[in-house]
Amino acid sequence: MKGKVTLRSVVAFRPAAGGDRFLWDVGMPGFGLRVTPGGVKSYVFQYKRGQQDRRMTIGRHGAPWTPDTARKKANGLRADVDAGRDPAAEKSADRSAPTVKTFAERYLKEHADPKKKPGSAALDRRLIETFIVPKLGRLRLADVKRADVTRLHLSLSKTPVQANRVLIVLSKMFNLAEAWGLRQDGSNPCRHVERFREKKRERYLSEVELARLGAALTKAESTGMLPKVVLKGDPSDKKAEVSIPPVAVAAIRFLVLTGCRLSEALTLKWEHVDQERGCLRLPDSKTGAKAVLLGAPALQLLTALPRVEANPYVFFGHRKGCHLIGLTHIWYAVRKEAGLEDVRLHDLRHAFASIAASGGEALTMIGALLGHSTPTMTARYAHLSNDPLRAAANRTSQTIAAALDRKPDETRGANVVEITQRRK
């Protein structure tokens, strides 16, 4: 049916029982009104693309769509068609375009889970589910702008390390989106978003502090209990004690005696322990497969540990076939007993390295013991190392100091070496 699409004609147009009914505007080809058998009225635009008729819905009658606003929209669509575009196909592509949420699921499934270590993949998942999807999840992947990323990054300014980790994950996601053809090359919106300055936390233990830690561990071994540390928001009894199993004490001693990472210790299996050669042969770690040489005290500790039947783990848990869990909460009680409330379990790794450096071990040796993948990771301990540069600095400054303290007449007869400038 043809006629003038006006407010009066739209209100008066009635549905048909057999299917959709159309009122095509006589003044503008392709613009019309559709009414369903149920009485739903919508404005539509129809055009030809080659030999095919294409039809797209502008919007349902009612605010904001009236005959006038719908006609203006149809005019714009007609201009797009005349310019060679295909509005219906573009709209269909928009509907099927991935959102950040759907792409994040693909990122985890096709990249993080199969290609990253389990711990790293789990961290990516937590950052995506906690921060990225709630803020950006509904946006189309292709529509995310630098301003969107900047707002998300700034919203996490109170936790700068976490904010930077979110930015790193986002940047990797958008790099993959480009590689997979879902965004234009060079369009990563994370570019030029400046990371927050992170304060490096390096806590080393002195020999006095190590002695206090040893005393706390000995008390935990002898009593099996230590006062419980009540965390913020914990409604439990502040006077309660926490049970300290011997295997947990052994795990803490092992960490400080070897410099191993927490994950390496907790997932250590007896099959990885080569007691004959005095080393661990880890099939996987943060930096890949590696061997960890063990000192005599660490070997003695492992020799004294009991083995649990049907449990492959050195530091076994209370559940059958599982490794020890909950060591962090036990550590809270141990460090409080030792007066080391600011020391994390990971700082025991720093303690191992700092004692080695202050004892004169070369940085390359320390890096090998810790399993660092690059020398820069070991460089943080350089200021603790009594290396040849420090010795040279001491000798030179002592020679200069002695010369400054010598009286002028004492220098007569001394050998004088003339320093000449080499010509260029």
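**Figure 1. Overview of the predicted protein model.** The protein comprises 424 residues, of which 36% are buried. Its secondary structure consists of 16 helices and 10 strands. The accessible surface amounts to about 26100 Å², and carbon and sulfur atoms account for 54% of that area. Of the contacts between residues at least 6 apart in sequence, 53% link residues at least 24 apart.

**Figure 2. The open sheet formed by S8, S9 and S10.** Three strands are arranged in the order S8-S9-S10, and their pairing is antiparallel. Val-273 has Leu-280 of S9 as its bridge partner.

**Figure 3. Two cysteines, Cys-279 and Cys-322.** Cys-279 has a relative accessibility of 3% and therefore counts as buried, the cut-off being under 20%. Cys-322, with a relative accessible area of 30%, is partly exposed, because this value lies between the limits of 20% and 50%. A disulfide is a covalent bond between the sulfur atoms of two cysteines. The structure contains 0 disulfides.

Figure 4. Beyond residues up to four places away in sequence, Leu-127 touches Ile-132, Gln-162, Arg-165, Val-166 and Val-169. For the pair Leu-127 and Arg-165, the separation is 38 residues in sequence, while the C-alpha to C-alpha distance is 7.9 Å.

**Figure 5. The buried and exposed faces of helix H6.** Within helix H6 (residues 146-155), the buried residues are Asp-148, Val-149, Leu-152 and His-153. Viewed down the axis of H6, the buried residues fall within an arc of 130°, so they line one face of the helix. An α-helix has 3.6 residues a turn, so residues three or four places apart point the same way. Arg-151 and Leu-154 are exposed on the face of H6 turned away from its buried side. The cover over the buried residues of H6 includes H5 and helix H7 (160-179).

Technical notes:
Residues are numbered from 1 along each chain as its sequence is written. This is a predicted model: local features need pLDDT of at least 70, side-chain atom pairs count only at pLDDT 80 or more; totals for chains, interfaces and linings use all residues. Side-chain values use heavy atoms; hydrogens and water are left out. A disulfide is a pair of cysteine sulfur atoms within 2.5 Å. Buried means under 20% relative accessible area, exposed over 50%, partly exposed in between (1.4 Å probe, protein chains only). Two strands pair if DSSP finds at least two bridges between them. Helices (H or I, at least four residues) and strands (E, at least two) are DSSP runs, numbered from the N terminus. Contact means heavy atoms within 4.5 Å. Accessible areas come from the Shrake-Rupley method with a 1.4 Å probe; for residues, only the protein chains shown count as cover. The arc is that of the directions from the helix axis to the C-beta atoms.
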